[in-house]
Amino acid sequence: MAILGCGVLLSLALLSLSIGINLCLPENGKEIDFSAHGENASPSTTKKDKGKRWAVLIAGSNGYYNYRHQADICHAYQILKKGGLKDENIIVFMYDDIAHDPENPRQGVIINKPKGHDVYKGVPKDYTGTDVNSENFYAVILGNKKNLTGGSGKVLKSGPNDHVFIYYADHGSAGLLGMPSEYDAVYAKDLIHVLKKKHASNGFKSMVFYIEACESGSIFEGLLPNKMNIYATTAANAEESSYGTYCPGEPEVPEEYDTCLGDLYSISWLEDCDSNDLRKETLEKQYERVRRRTNESHVMQYGDMSHRKEFLFTYMGADLVKDSYTSIGDISSPSRAVNQRDTKLLYFQHKFLRAPAGSHAKLEARKQLLNEIAHRKHVDYSIHKIGELLFGHQKSSNMLMNVRPQGQPVVDDWDCFKKFLRIYKKYCGHLSTYGMKYVRAIANICNAGVTMEKMVAASDQACSKKPFV
């Protein structure tokens, strides 16, 4: 699989602006008997298990250039719906600004792969727009209606016999997951605290948690206990990016789509579910298939490994109308993958290249592309300048990008981490999805024991002119 990295995309973007050539670039709520798994059922699913399946699906981004996250979530909903889950037991968070966006070539339709069917139809709009936020997400998991602000009011009312599936698709960075508002985020420490509270209240028998995001392993690394009956997999380890796929420039992607249609880890497990009998496939089997197909990052697993032997049916149900399956085993990877940090740059570049010469659309697309490039330069400069002011030129790079040993969380003092991120935003502006790659640097500044006064002074000095904002 070909990968388009940041440097390559940036060079191509600048080249296309200067000479205008056309570049080809990538793109049931009722009680159920979980004993009906056949002869190979795992010990944890062979007993008479009267309980319900619940699911929470969340796309934590907005904007047409992030099309793929909501497409992933809608696809997941369709799988669960076919599996027999009722809408009252599926809670969906999505900004809902994609299907009817003027740029969407198929108005009112969302697809998750080239020539794909509509995955948007019928999806519940539980939490949309500004109701997609971390506090509502935590309140839903805890079943706490009093803490909700807006939305349908649906919460996770699961009990001690129930099985819960949570799927999160978005941008991420060391120790946090994004939200539509640049002033909001899901911090790993806070999420683990919520999951511990849910477990302590006997709010589930077992839980499976899938995360699509860059550095998504850092959400669980050194934080998720292995005795909470939670099994989690992530698109990437704690220090690497995840990848978008079915992107502009891929042979099968229609030219009118300027944005990636899916994410590599996500389409790997989603298309695996589409192709196989979930009554016979275990979580472990799916993990191995997804790990092999997601060949540009390291798919990871965390938590209670005893649940790997459970069948996907336990959490996602199964399409009982479909009387036969032709298991195709491993599905080949798409021809190209794009680093999630670079998908916005690709989107603007594809818009610029497709716009008619001399048109207003061409000028507007050029402006958007140049602004994105300028913002990247500003973030690169500001972070490195802060590092030099705090640690000196010689030590700055190593101090900022140090990766802690496996098994340790990204930061020790989470309050410091949050405060320093706010300080950076106050003096230097928002990081953006590209700049999220530097969140680890902020964590390392905390780990180095830098005081708040020094962080303020360094940020103020580094960004006093904000030349690229």
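H171 counts as buried, its relative accessibility of 3% being under the 20% cut-off. All views show a predicted model.

**View 1. The two annotated active-site residues.** In UniProt, an unreviewed entry lists H171 and C214 under "active site". The two positions are spread over 44 residues of sequence, yet they cluster in space, with a largest C-alpha distance of 6.0 Å. From this set, H171 is part of the lining of the largest pocket.

**View 2. H171 in its loop.** The loop that carries H171 runs between β6 (163–169) and β7 (172–173). A polar contact of 2.8 Å joins the side chain of H171 to the side chain of N66.

**View 3. Contacts around H171.** With neighbours within four places in sequence left aside, N66, R68 and H69 are among the residues in contact with H171. The contacts of H171 also include L177, G178 and A213.

**View 4. C214 in its loop.** C214 sits in the loop between β10 (206–212) and β11 (230–234). Its relative accessible area is 0%, so C214 is buried.

**View 5. Contacts around C214.** Residues up to four places away in sequence are not counted here. C214 touches G172 and S173, together with E240, S241 and S242. Q340 and R341 are also touched by C214.

Technical notes:
Residues numbered from 1 in each chain as written. Predicted model: local features only at pLDDT ≥ 70, side-chain atom pairs only at ≥ 80, totals over all residues. Heavy atoms only, no water. UniProt positions renumbered as here; feature names shortened; annotations may be inferred. 1 Å grid on protein atoms, 1.4 Å probe; cavity = no way out; pocket = protein on both sides within 12 Å on 5 of 7 lines; lining within 4 Å. Helix = DSSP H or I, 4+ residues; strand = E, 2+ residues; numbered from the N terminus. Buried < 20%, exposed > 50% of the residue type's maximum accessible area, 1.4 Å probe, protein only. Contact = heavy atoms within 4.5 Å. Polar contact = N/O pair within 3.5 Å; in protein donor to acceptor, adjacent residues only side chain to side chain.
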